[in-house]
Amino acid sequence: MHLPAEWAPQSAVMLTWPHSHSDWQPWLKRVEPVFTEIAYQVARRQKLLISCWDDEHAAHVRRLLINRKSTEENLRLFIVPSNDTWARDHGPITVLQDGKPMLLDFGFNGWGKKYDANFDNQITRQLHKLGAFGDTNIETIDMVLEGGSIDVDGKGTLLTTKHCLLTPTRNPHLSQQDIEKRLQRWLGVDHILWLEHGHLAGDDTDSHVDTLARFCDAHTICYVSCDDPQDEHYADLKKMEQELQSFRTKTGEPYRLVPLPWPKAKYNEDGARLPATYANFLIINGAVLLPTYGDEKDMLAFAQLAECFPNHEIISIDCAPLIMQYGSLHCVTMQIPADVVK
């Protein structure tokens, strides 16, 4: 069993489009342009699987994408009702078994039963029944695991956070050792790096690692870095930085660490802080989609990511509307490796 790194060749990216029956209803006019731009950039390079609420919704989404001049032959729209739009967490985790892809359908319970997830937990199975993944085999796993809670280097190392994976509202019957055994069995990893520190105010995932620190290659980790001692995040993110400095590769070498800038605090209309992070980027074939927030640090984040991915085109997408619902670009996408979507 082997879980490819995100920079491995892909056949598609999965999106679950926002609709008026979800919490996005008040912000649809603001958030749909973000989804449209993500879809446009992905469809230039690979297939795009989009879950829509019903036929009328699908027709609406198709019009948006055609108006943006998206590559039509790469669009695959399916009628699959959803509670929300966070495909990273309700989408399949695709591993290679004896060189062939297999979809793992882990349980999704709304980030520890914080939100309704009855529709979302069925999306991967429904898409599979509709032929979205061709003839790829699917396996349902009796364990709650969200894609945003893990990151891998494709060589057997997995990065995650204790605050998320060990929270009792996900897998209360499993110890840390139990979880490690299951990650080793199903994802083929043999080196697990556990972060004990790191959080973002406004994040309701219990510290998904894809908001905090990401592999850029097998020897490089980029991470959010707070340079404001007066900020509420400063002490905890400094401790996370120290943890990252202490981590070693499987061959015993320290990682090359690349700090990502800290944007100014963003708030919603009620004064609650929102989780703006540059670590929530998506790697696709030949490009990296970088979430930006209309912030003076956007360009520095672009430059830092370009340093991490010298062979990829870096594409900025304004994701300020996404953080209104406490996620960003990586959270709304799930990459599907090569040889799955034909």
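Trainee: What should I know before reading the values?
Mentor: This is a predicted model, in which local features need pLDDT of at least 70 and side-chain atom pairs count only at pLDDT 80 or more, while totals for chains, interfaces and linings use all residues. Residues are numbered from 1 along each chain as its sequence is written, and side-chain values use heavy atoms, with hydrogens and water left out.

Trainee: Why is the pair Glu196 and Lys162 called a salt bridge?
Mentor: The term requires a side-chain nitrogen of Lys or Arg within 4 Å of a carboxyl oxygen of Asp or Glu. The closest N and O atoms of Glu196 and Lys162 are 3.2 Å apart, so the pair meets the definition. It links distant parts of the chain, 34 residues apart: Glu196 sits in the loop between strand E9 (191-195) and strand E10 (213-217), and Lys162 in helix H6 (residues 162-165). Helices (H or I, at least four residues) and strands (E, at least two) are DSSP runs, numbered from the N terminus.

Trainee: What makes Glu196 exposed?
Mentor: Exposed means over 50% relative accessible area, buried under 20%, and partly exposed in between, with a 1.4 Å probe and protein chains only. Glu196 has 52%, so it counts as exposed. Lys162 has 24% and therefore counts as partly exposed.

Trainee: How do you know that Lys238 and Glu241 are separated by about one helical turn?
Mentor: They are three residues apart in helix H8 (residues 234-246). An α-helix has 3.6 residues a turn, so residues three or four places apart point the same way. Lys238 and Glu241 form a salt bridge, with the closest N and O atoms 3.4 Å apart. Lys238 is partly exposed at 28%, whereas Glu241 is buried at 13%.

Trainee: Are Asp295 and Lys266 buried or exposed?
Mentor: Asp295 has a relative accessible area of 8%, so it is buried. Lys266 has 18% and is therefore buried. They form a salt bridge, the closest N and O atoms being 2.7 Å apart. The whole structure holds 17 salt bridges, and Glu6, Arg88, Asp151 and Arg214 are linked in a network of them.

Trainee: How do you know that the span of helix H1 is close to the expected one?
Mentor: The expected span is 1.5 Å times one less than the number of residues. H1 (residues 28-43) has 16 residues and reaches 22 Å from its first C-alpha to its last, close to the 22 Å expected. H1 is mostly covered, with 13 of its 16 residues buried.

Trainee: What makes a set of residues a nonpolar core?
Mentor: The members are buried Ala, Val, Leu, Ile, Met, Phe, Trp, Tyr and Cys residues joined through side-chain atoms within 4.5 Å. The largest such core has 74 residues, and Leu15, Ile38, Ile50, Leu159, Leu289 and Phe309 touch the most other members. Its largest share, eight residues, comes from H1. Apart from this core lies another, of 38 residues, among them Leu103 and Phe133.

Trainee: Why are E4 and E6 said to stand at the edges?
Mentor: The open sheet of three strands has the order E4-E5-E6, with mixed pairing. Strand E4 (93-97) and strand E6 (137-144) each have a single partner strand, so one side of each is left without a neighbour in the sheet. Two strands pair if DSSP finds at least two bridges between them. Five bridges join E4 to strand E5 (residues 100-107), and these two run antiparallel.
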